[in-house]
Amino acid sequence: MTNTNITTPTPSFMPKFGRSKTKLRERKVIWLILPTVLILITLFVGGFVFGILQSIGFFSVISDSEQKISFDAYLAAFQNETVRSGIILTFRVAILSTLLSTVIALAISLMISRTKRFQSVLISITQFNIPIPHVVAATGILLTFSQSGIVSRLTNHFGITDGSSDFPIITNDPFGYGIIMSYLWKEVPFLCVLILSALRGPVTNLDETAKTLGASYGFRLRKVILPYIFPSILSGTIIVFAFSFGSYEVPYLLGEPYPSTVSVVAYQLYTNRDLANRPTAMALATITSVVIGLLVYAYMKLTQQEGRK
């Protein structure tokens, strides 16, 4: 009787084959999206570089003299009264929208996190308007709260106001109430998503431990909950401020021709029949892009630090 030792071949080549197949699939996906990505990068980077060059004196449409680097457009922008008023309005709208939306979203998120019943229903109600575009939201605010809108007609019907002119100016006002309302209606649900996801993390166990040890809710909120979710709140506020600062369509629909936000002023200068305003418009667009770029960089650094933790 002979013993035959049959050695089963180990499929050592299988992992390598699987990895190579995965690499081929990834390369295929890259080649498929590469044309679209190149077109988008070319259009965005090309337009951005062209705007910077035109803001510093190149590609002038009215000057036939020798072109050289000049920052006169930036000086003209800050010397323009319309631009200065627009800067004040832009910061006021962005800061108030960010602060108010953060406070409201934090209060709503804490309330939902403490609610045991109907929590999913409350979350759905809070987040139903997230897919709605900002243009649609701004149009809805305009149709609802303008002097000829739905609320004005209802107050006039019930005798609260005497005609549309008696209704307070909420939209297309110099302070920016309508713009802020539109941002709040859109950004509060967005911040609720971030804060609720942070509240469902390990902070839940920490909060329960502190509660077991006899800590009050106010103490747990100050010492446990808020310090833990603060990075999520900060990242969300950066995104909201960056959008509020650079948005164009909402201030255009709900704001006044004067004062207007920086983005609207830049568009007005660019479309002005006086072509001498074109470099100033490009200077404003460049400044806005740089500010938003810095905010995005701060957001990325913040998320990287949180990822390491």
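The model is predicted. The protein has 12 helices and zero strands. Buried residues account for 33% of its 309 residues.

**Overall make-up**
- Along the sequence, the pattern reads α-α-α-α-α-α-α-α-α-α-α-α.
- Take the contacts between residues at least 6 apart in sequence: 69% of them join residues at least 24 apart.

**Helix H7**
- H7 spans residues 177–199 and has 23 residues.
- From first C-alpha to last, H7 reaches 31 Å. That is close to the 33 Å expected at 1.5 Å a residue.
- H7 bends by about 30° at Glu-187.

**Helix packing**
- Two packed helices are described by the angle between their axes and the distance between the axes.

**H2 with H3**
- H2 covers residues 72–79, and H3 covers residues 81–114.
- The two helices pack at an angle of about 70°, with their axes 5 Å apart.
- H2 is therefore roughly perpendicular to H3, because angles of 65 to 115 degrees count as roughly perpendicular.
- On the H2 side, the contact is made by Ala-77, Phe-78 and Gln-79.
- On the H3 side, Glu-81, Val-83, Arg-84 and Ile-87 take part.
- By class, the residues of this contact divide into four nonpolar, one polar and two charged.

**H8 with H9**
- H8 covers residues 203–212, and H9 covers residues 217–246.
- Their axes come within 10 Å and cross at roughly 170°.
- H8 is therefore roughly antiparallel to H9, because angles over 145 degrees count as roughly antiparallel.
- H8 contributes Val-203, Leu-206, Asp-207, Ala-210 and Lys-211 to the contact.
- H9 contributes Arg-220, Val-224, Ile-225 and Tyr-228.
- The contact of H8 with H9 has six nonpolar and three charged residues, and no polar ones.

**Asp-166**
- Asp-166 sits in the loop between helix H6 (150–157) and H7.
- Its relative accessibility is 44%, so Asp-166 counts as partly exposed. The partly exposed class lies between buried, under 20%, and exposed, over 50%.
- Gln-147 is 19 residues from Asp-166 along the chain, and the C-alpha atoms of the two are separated by 8.2 Å.

Definitions and conventions
Residues numbered from 1 in each chain as written. Predicted model: local features only at pLDDT ≥ 70, side-chain atom pairs only at ≥ 80, totals over all residues. Heavy atoms only, no water. Helix = DSSP H or I, 4+ residues; strand = E, 2+ residues; numbered from the N terminus. Expected span 1.5 Å × (residues − 1). Bend = angle between axes of the 7 residues up to and from the residue. Axes fitted to C-alpha atoms, helices over the stretch in contact; angles between N-to-C directions. Parallel < 35°, antiparallel > 145°, perpendicular 65-115°, else oblique. Contact = heavy atoms within 4.5 Å. Nonpolar A, V, L, I, M, F, W, Y, C, P; charged D, E, K, R; others polar. Buried < 20%, exposed > 50% of the residue type's maximum accessible area, 1.4 Å probe, protein only.
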